[in-house]
Amino acid sequence: MPSHVRRRRPGLARGRLCVLFLVVSFAFVSSIRRLFSAATMSSTGSSNNTSSSPPSDHRSTAAVPSSDTSLEWPPDPIPDGGDGKSYSKTIPRYIWHTAPSLPLSDRANATVSTWIDKNPSWKHSIATDDDVELFFQSKFPPNVYEAFSKLPLGVMKADTFRLAVVYYYGGVYGDIDTECVRPIDEWVRVAQSEKQCTAIVAMESYNSFANWAFAAAPRHPVFKRALDRVVEKIEQDGGVVPKNSHFVAAYTGPPVLTAAIRDILHSDHEVASKIMSSEEDLATAKTVGLCLEESSYFGGINVGHAFASVSWNDNDQDASWRKQRQQVLDSHGIAEEEPDGGRPMIKKGGRPNVHVVGGGGEAMRVDVK
């Protein structure tokens, strides 16, 4: 064998040893990393969520679906009577919110975290606009989805979704700008055991019952009637036809829920305060498991409301619907009307003064026919 080949053999051997050393070192480091990762997961708890862990000062986002994760819907309710119509009279442990998209703003994260932190045994879901669209497509008849598709504003679709999701699945709904003041079990379970409530609705103002928070067992007639009213009005009008600046409330807001309650109770009273003071209406409400509460129930005692549309920064995505409403009004040549009738006044600091705004002390009412 030539001498120059023999002279290179020691260098070739050293090169092979270096390569072997690097391979073994890489394998060893990888093994250590895997062991460390496994130990970390076992100490923090395993998770099916593929999104990265949130910073420690944003605990609320741990239970919020990431923007690339579809909402995991609960299984459909099972009838307890075998007739396909009667369902469990228990309010299930679901908390529902809706938001245009994810991630949430810092303000919304702060309020949502109160629902998560105070109710760890409840399933918590935030439905984005895409989730809401899919929900109506897959769970309701074509005419309902068609009516939903004709709603021009996201806030109107969110109004309709809250009625539909609590009707379909049951649970507790809270606006993204609401705060859970007391754990849900402290008021829902008490309401069910002591009053046999299968739905809980509270006053918003002199005129209306609030739709920023409520609770019900699945398939409750009040929420079925409210959803039907939304669909019927859109079908009757051939879409949403604004007549004044209160068209959002008239088509999908608190007046619709109030009118549905009036329908179910066969009440002669058109405003919430009159229903609340009627012994006959309250007696009828008990027969359908409907518990009607004073405004403080969801106005500070159990749930707080930040009224984002008037108290949060106008640039916040959660407070932008009034600007969108104005665009619809402008397109129809309708001027903004003030005050926004039926809404509680907002004191400095964002605290609601729960009485209706109106000229000369008279209540302003949004009629829903």
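A disulfide is taken here as a pair of cysteine sulfur atoms within 2.5 Å. The torsion about the S-S bond of Cys197 and Cys291 is about -85°, so the disulfide is left-handed. Distant parts of the chain are linked by this pair: Cys197 lies in the loop between α6 (188-195) and β5 (199-202), Cys291 lies in strand β7 (residues 290-293), and the two are 94 residues apart. Helices (H or I, at least four residues) and strands (E, at least two) are DSSP runs, numbered from the N terminus. Cys197 and Cys291 are both buried, where buried means under 20% relative accessible area, exposed over 50%, and partly exposed in between (1.4 Å probe, protein chains only). Cys180 is also buried, with a relative accessible area of 0%.

The model is predicted: local features need pLDDT of at least 70 and side-chain atom pairs count only at pLDDT 80 or more, while totals for chains, interfaces and linings use all residues. Residues are numbered from 1 along each chain as its sequence is written, and side-chain values use heavy atoms, with hydrogens and water left out.

The predictor's confidence in each residue is given by pLDDT, from 0 to 100. The mean pLDDT of the protein is 77, and 66% of its residues reach 70 or more. Over residues 1-9 the pLDDT is below 50, and this stretch has two contacts in the model beyond near neighbours in sequence; a contact means heavy atoms within 4.5 Å. The pLDDT is also below 50 over residues 28-68, a stretch with 24 contacts beyond near neighbours in sequence. Where pLDDT is low, the predicted coordinates should not be read in detail.

Helix α7 comprises 17 residues (residues 221-237). The expected span of a helix is 1.5 Å times one less than its number of residues. For α7 this gives 24 Å, and the end C-alpha atoms are 24 Å apart, which agrees. The buried residues of α7 are Val222, Phe223, Ala226, Leu227, Arg229, Val230, Val231, Lys233 and Ile234. Gly238 follows the helix and has a positive phi, near 70°.

A search of the whole structure finds 13 salt bridges, a salt bridge being a side-chain nitrogen of Lys or Arg within 4 Å of a carboxyl oxygen of Asp or Glu. One of them joins Asp237 to Lys233, the closest N and O atoms being 3.5 Å apart. Both residues lie in α7, four residues apart, about one turn of the helix. An α-helix has 3.6 residues a turn, so residues three or four places apart point the same way. Asp237 counts as partly exposed at 26% relative accessibility, whereas Lys233 counts as buried at 17%.

The side chains of Glu232 and Arg225 also meet in a salt bridge (3.1 Å, N to O). Glu232, at 38% relative accessibility, counts as partly exposed, and Arg225 counts as partly exposed at 21%. Arg225 and Glu232 belong to a network of salt bridges that links them with Arg229 and Asp263.

In helix α5 (residues 154-168), Arg162 and Asp159 are three residues apart, about one turn of the helix. Their side chains meet in a salt bridge (3.3 Å, N to O), and both residues are buried.
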